[in-house]
Amino acid sequence: MTQDELKRAVGEAAAAYILPHLEEDSIIGVGTGSTANCFIDALASHKHLFDGAVASSEASATRLKEHGIPVYNLNSVGSLDFYIDGADEINERLEMIKGGGAALTREKIVAAVAKEFICVADESKLVTSLGTFPLPVEVIPMSRSYVARELVKLGGDPVWREGVMTDNGNHILDVHNMKIASPMEMETRINQITGVVTNGLFALRPANILLLGTQDGVKTVKAD
Ligand code: 5RP
C-alpha cells in the first residue's frame, strides 16, 4: 500500500472506532493535516449520527463545512469525548512531535479538552526517539530572534519557517538537531521561554491510542 492508502485506512479506522460511541449531541475534536483530512472524509458519510466538530485549524474547519458538518467554536463546547489527529513523529509512549502543518497551538488546546486523543498515522511516523523531525515552535513575531537565540542555548538549530503565519497570526521556528532525552522536560522548558506560544512536543498530554497504518493492516497501539 502507498502512504496515501495507509493514511486513508487509518482515517477510516478512526471513524469506525468512534462511531459506536456517538450520540445526537456529540461534538468531535478534529485535527489538521493530510491524515486528519482522511478522517474528516471518512466521517462525512456518518454526519447524521453526531452534532458537529471543533477544528484545530481554519483549513480543517473549511473541509468539515464542505462536507456539511457543523463547526463549533471551542468556547461554546463543554467537553469533547474524542480528538483525532495525525503526528509528525510518535514514540511507543505515544508522545509526539506535531506542528508540521503549523497548527500546533490549536491542536494542543483541543487535545487538552478531549477525554481521548486518538492519533492516526502511517508507519513512517513511528520512531524510537523523538527529534529527527524538526521541532516546530510557535512564537509571537516580535520575539522570534530572541527565542531563536534561547533555543540555540538549549542545543537546537532553529530555522524560521519564512512566509508562514499561523492561524493565530504568529511565526514558526523549526528546531533542527535538538536532543530530546526527556520529551516532558523539553516541552516544559521551551514553553518557559518568553515569547513562545507553545512547542510541538505533545508529551505532557500524549495520545491515548495510536491507530497505525502498516502493510499488515491497521494496528492499535496503547502506551506501554
Ligand atoms: C499539523 C500537524 C499534523 O498532524 C502533522 O503535521 C501530520 O500531518 P500529516 O498527516 O499531513 O502527515 O501536526 O500541524
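**Close-up 1. The largest cavity in this predicted model holds about 40 Å³ of space.** Rolling a probe the size of a water molecule over the atoms is what shows where empty space is left. With a cut-off of 30 Å³ or more, the count here comes to one cavity.

**Close-up 2. Here are the residues that line the largest cavity.** One run of the lining goes Ala102, Ala103, Leu104, Thr105 and Arg106, and another goes Thr166, Asp167 and Asn168. Ser56 and Glu138 are part of the lining too. Sorted by class, that makes three nonpolar, four polar and three charged residues. Which helix gives the most to this lining? That's α4 (residues 104-113), which puts in three residues.

Close-up 3. To describe two packed helices, you give the angle between their axes and the distance between the axes. For α1 (residues 3-18) and α2 (residues 34-44), the axes come within 8 Å and cross at roughly 50 degrees. The crossing itself is right-handed.

**Close-up 4. Zooming in on the contact of α1 with α2 shows which residues meet.** On the α1 side you'll find Lys7, Arg8, Val10, Gly11, Glu12, Ala14, Ala15 and Ile18. Facing them from α2 are Ser34, Thr35, Cys38, Phe39, Ala42 and Leu43. Taken together, the residues of this contact split into eight nonpolar, three polar and three charged.

Definitions and conventions
Residues numbered from 1 in each chain as written. Predicted model: local features only at pLDDT ≥ 70, side-chain atom pairs only at ≥ 80, totals over all residues. Heavy atoms only, no water. Axes fitted to C-alpha atoms, helices over the stretch in contact; angles between N-to-C directions. Helix = DSSP H or I, 4+ residues; strand = E, 2+ residues; numbered from the N terminus. Left-handed = near helix turned anticlockwise from the far one by under 90°. Contact = heavy atoms within 4.5 Å. Nonpolar A, V, L, I, M, F, W, Y, C, P; charged D, E, K, R; others polar. 1 Å grid on protein atoms, 1.4 Å probe; cavity = no way out; pocket = protein on both sides within 12 Å on 5 of 7 lines; lining within 4 Å. Points joined across faces, edges and corners; volume = space filled by probe spheres on them.
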